[in-house]
Amino acid sequence: MDVDLSITGHDLKKYICSEDEFDLGHVKFHKMRLEYKDTFLNPRQSLGEQIDNEGDEILVYLPEDAPSELSSPISNRLNKSVSRLKRDVDNLTKSIKTLENTESAELSEEAIRTIVTRLDYLEEKMEIRSQQFDYAMNELKGLGDAVKILMHGPGQLNAYGPKIPVSQCLETLSGHEGPVWALSSGGPGILISGSSDNTIKVWDMDSLSVRQTLSGHTSIVHSVESYNNGQMIVSGSDDKTIKVWDVEESRCLKTIEDDNIACVLRVARGNLFSGSFKCVKVWDMETMNNDHILGGHNHWVRAINCSNGMLFSGGHNIIKIWDLQNEYQCIQTLEKNCGSIYSILVTNNLLFAGSYDNTILIWDLRSFQCVHTLRGHSGAVYSMANFGNKIYSGSYDNTILAWDLNTCKPIHQYTGHGSSVEALLVSETHGLVSGSTDSTIRLWRP
């Protein structure tokens with residue numbers, strides 16, 4: 001990750017040419033960052049120690065009239081990243097054309113779908129990187145006499161400084177044999193989780209043990225949602241089914257065969273809403289009939305939230321707002337070049353959207369304007385939860401950040417997961433709970 005830092009009153013050559021210890025307390029952060037890689041630097045080590053351990057290099061960016069040998073590494077590095085992505089997309093496109101033209105190719109639909117999905121991912125990533133490159137260059141041109149230092153290496157420093165308190169987890173729940181993709185509260189003392197091991201687990205949070213394991217899906221369980229005071233669960237899977245479960249009887253009551261994967265599920269107003277490819281489907285909870293299809297998205301719908309009589313659905317670069325009280329009319333489309341929206345949170349008159357470009361966008365629902373951007377993660381923001389005047393965000397960078405809604409700055413960081421944080425849940429009874437692709441569920445003090 002390339003992180004943009006500004007510094008004054010120091011000998012720049014020392015930071016370019018040597019691995020001398022660099023006190024992080026001397027760093028002042030600038031608003032603009034250049035995204036490049038995906039891991040997170042240890043804020044408790046000096047930068048010099050991390051350079052020595054990880055083989056980082058420090059690059060300097062001065063104003064336009066600065067010597068080109070100082071500025072060119074930045075643009076070269078970003079240009080190379082874009083070129084590599086273009087090359088990958090071209091190669092995949094050629095591969096698909098070859099497969100289409102080869103009648104004798106014995107390739108399953110699933111294999112072809114995997115290639116196409118990878119192509120979509122690379123095209124999306126290339127677009128984001130290109131936008132970041134253009135934005136970075138424009139910002140750097142207007143810096144005047146400001147001195148820019150960019151650090152390139154395996155991670156980034158937090159955008160608001162390294163002095164945020166760091167907490168370790170209180171408890172770790174192990175029981176799943178694959179990544180944990182989804183969490184839901186089943187009522188006081190009960191937690192529901194869905195995993196790549198094809199199962200749904202019901203946890204007793206008093207004893208921190210598995211009370212039930214619900215089996216029946218034949219592939220990854222992406223989403224779970226508890227309803228009817230914890231008596232019922234709906235789950236969505238890679239096997240293209242949605243299942244309805246009776247928790248007390250530990251059995252599946254109904255299986256809905258769908259034509260695509262349900263990435264996310266939400267229950268509200270007697271209906272089930274499922275996010276899928278380019279649409280949201282509306283299911284009647286009594287009959288489980290698909291009554292409506294809400295289209296207009298251009299990619300996978302990975303985030304859904306129901307609040308104040310409205311449905312919010314996040315796709316690629318857009319969030320659609322639907323009126324649940326007026327025949328599901330789309331009343332607004334929010335647009336931002338941020339890549340895919342992975343998580344949506346609504347509190348008061350604000351909408352928070354966790355996105356592929358590592359940020360959380362804040363939208364005012366009265367004006368439908370994006371009023372702020374929270375920067376602090378070094379990976380896509382996959383999950384969010386709110387409690388009081390704080391929101392919590394889980395990321396691909398393996399961390400959770402707590403944000404103060406009054407200042408819009410991170411006030412706490414939670415570390416301990418060995419992989420991305422895919423699901424978050426916070427309440428008075430559960431505390432802060434996270435699910436990760438490291439196959440664990442962790443409990444934290446909010």
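Some bookkeeping before we start. Because the model is predicted, local features need pLDDT of at least 70 and side-chain atom pairs count only at pLDDT 80 or more, while totals for chains, interfaces and linings use all residues. Residues are numbered from 1 along each chain as its sequence is written, and side-chain values use heavy atoms, with hydrogens and water left out.

Let's begin with the whole chain. It holds four helices and 32 strands; these are DSSP runs numbered from the N terminus, helices being H or I with at least four residues and strands being E with at least two. Of its 446 residues, 53% count as buried. Buried here means under 20% relative accessible area, exposed means over 50%, and partly exposed is in between, with a 1.4 Å probe and protein chains only. The accessible surface comes to about 20,100 Å², and carbon and sulfur atoms hold 44% of that; the areas come from the Shrake-Rupley method with a 1.4 Å probe, and for residues only the protein chains shown count as cover. As for contacts, meaning heavy atoms within 4.5 Å, take those with a separation of 6 or more: residues 24 or more positions apart account for 50% of them.

Now to strand E9, residues 199-204. Five of its six residues are buried, so E9 is largely enclosed by the rest of the structure. What does it pair with? On one hand there is strand E8, residues 190-195, antiparallel to E9 over five bridges; two strands pair if DSSP finds at least two bridges between them. Leu191 has Trp203 in E9 as its bridge partner. The hairpin of E8 and E9 has three residues between the strands, and Asn198 there takes a positive phi near 75°. On the other hand, six bridges join E9 to strand E10, residues 209-215, again antiparallel. Val202 stands opposite Gln212 in E10. This hairpin has four residues between its strands, with Leu208 in the turn at a positive phi of about 55°.

While we are on backbone angles, two asparagines are worth a look. Asn348 has phi near 55°, positive in a residue other than glycine, and sits in the loop between strand E22 (329-347) and strand E23 (350-355). Asn398 is not a glycine either, yet its phi is about 80°; its loop lies between strand E27 (390-395) and strand E28 (400-404). Are they buried or exposed? Asn348 is exposed at 67% relative accessible area, whereas Asn398 counts as partly exposed at 25%.

Seven strands form it, open and antiparallel, in the order E19-E20-E21-E22-E23-E24-E25. Its edges are strand E19 (303-307) and strand E25 (369-375), each pairing on one side only. Neighbouring strands are turned by 25° against each other on average, direction ignored; the axes are lines fitted to C-alpha atoms, for helices over the stretch in contact, and angles run from 0 to 180 degrees between N-to-C directions. Inside the sheet, E20 (residues 310-314) and E21 (residues 316-323) share five antiparallel bridges, and Ser313 has Lys320 in E21 as its partner.

Next, the largest nonpolar core, with 15 residues; Phe312, Ile319, Ile341, Ile344 and Leu351 have the most contacts inside it. Such a core is a set of buried Ala, Val, Leu, Ile, Met, Phe, Trp, Tyr and Cys residues joined through side-chain atoms within 4.5 Å. E22 gives the most, with five residues. Leaving aside neighbours within four places in sequence, Ile344 touches residues including Ala303, Phe312, Leu351 and Met384.

Last, the rings. Rings of Phe, Tyr and Trp (its six-membered ring) pair if their centres lie within 6.5 Å; planes under 30 degrees apart are stacked, over 60 edge-to-face, and the rest tilted. The count comes to six aromatic pairs. Tyr342 and Tyr382 have ring centres 4.8 Å apart and planes at 85°, so they are edge-to-face. Tyr342 is in strand E22 and Tyr382 in strand E26 (residues 381-387), so this pair ties together parts 40 residues apart in sequence.
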